[in-house]
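Thanks, everyone. Please look at the screen while I talk. I'll go through the contacts, the cores, the rings and then the strands.

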Amino acid sequence: MSTSASFLTPPFTRESAILKVRKAEDGWNSRNPQQVALAYTPDSVWRNRSEFIHGREEIVSFLTRKWQRELDYRLIKELWAFDRDRIAVRFAYEFHDDTGLWFRAYGNENWEFNAEGLMHHRYASINDVQINEQKRFFHWPQGRRPDDHPGLSDLGL
């Protein structure tokens, strides 16, 4: 697959949408709020669960709080649908809280991009389910999911 910047800008093809989703997954798995925020426009608008976020500063603040609460966070995203400048994904992530309880969060996101490939709108709906540590599926070392690790469909999620 080509990885040129123009390849990851609208209008998306199936190939470029899949790569855009994987790049987003990689970014979030870095757990680096400043790096992740750069994938969004400076005036980006989010709805994340019941929280409304505006702009990169609020994105950084939100992600910093998130990853302080959601420990050992690991995420898998999968393309659901795409159109010219929009991508829909489904995802699951696992984390534990500071008491050691494990959770798997399931959700869907709708994304809209500008001509430069930066996301300007993100709408996320997410549900958390408490799981036993033995029910975890995401065991790779912290950071990027290995290429040979199963995706959501492969795991039956």
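Start with Tyr93. This is a predicted model, so keep that in mind throughout. Which residues is Tyr93 in contact with, leaving aside its neighbours within four places in sequence? Among them are Arg49, Lys66, Glu70, Tyr73, Arg74 and Leu75. The list also includes Phe103, Arg104, Ala105, Ile126, Asp128 and Phe138.

Now the cores. The largest nonpolar core has 30 residues. Tyr93 is one of those with the most contacts inside it, along with Trp28, Trp46, Leu63, Ile87 and Trp111. Who supplies this core? At least two residues each come from helix 1, helix 2, strand 1, helix 3, strand 3, strand 4, strand 5 and strand 6.

Next, the rings. The count is 12 aromatic pairs. Take Tyr93 and Phe95. Their pair is tilted, with 5.7 Å centre to centre and 35° between the planes. Buried or exposed, these two, Tyr93 and Phe95? Both are buried. They also belong to one aromatic cluster, together with Trp28, Tyr40, Trp46, Phe62, Trp67, Tyr73, Phe91 and Phe103.

Charges meet rings here too. Arg122 has its charged end over the ring of Trp46, 4.2 Å from the centre. Arg136 lies over the face of Trp102, and there the distance to the ring centre is 3.9 Å.

On to helix 3, residues 55-69. How long should it be? Its 15 residues, at 1.5 Å a residue, should span 21 Å. The end C-alpha atoms are 22 Å apart, which agrees. Its buried residues are Gly55, Ile59, Val60, Phe62, Leu63, Lys66 and Trp67. They pack against helix 1, helix 2 and strands 1, 2, 3 and 4.

Last, strand 5, residues 102-113. Of its 12 residues, 9 are buried, so the strand is largely enclosed by the rest of the structure. Look at its two partners. Strand 4 runs antiparallel to strand 5, joined by 11 bridges. One example is Val89, whose bridge partner in strand 5 is Glu109. On the other pairing, 12 bridges join strand 5 to strand 6, again antiparallel. There, Arg104 has Val129 as its bridge partner in strand 6.

Now the turns. The hairpin of strands 4 and 5 has 5 residues between them, and Gly100 in the turn has a positive phi of about 95°. The hairpin of strands 5 and 6 has 5 residues between the strands, and Gly117 takes a positive phi near 90°.

That's my tour. Questions, please.

How values were computed
Residues numbered from 1 in each chain as written. Predicted model: local features only at pLDDT ≥ 70, side-chain atom pairs only at ≥ 80, totals over all residues. Heavy atoms only, no water. Helix = DSSP H or I, 4+ residues; strand = E, 2+ residues; numbered from the N terminus. Expected span 1.5 Å × (residues − 1). Buried < 20%, exposed > 50% of the residue type's maximum accessible area, 1.4 Å probe, protein only. Contact = heavy atoms within 4.5 Å. Core = buried A, V, L, I, M, F, W, Y, C linked by side-chain atoms within 4.5 Å. Phe/Tyr/Trp six-rings, centres within 6.5 Å; stacked < 30°, edge-to-face > 60°. Lys NZ or Arg CZ within 6 Å of the ring centre and 35° of its normal. Pairing = 2+ DSSP bridges.
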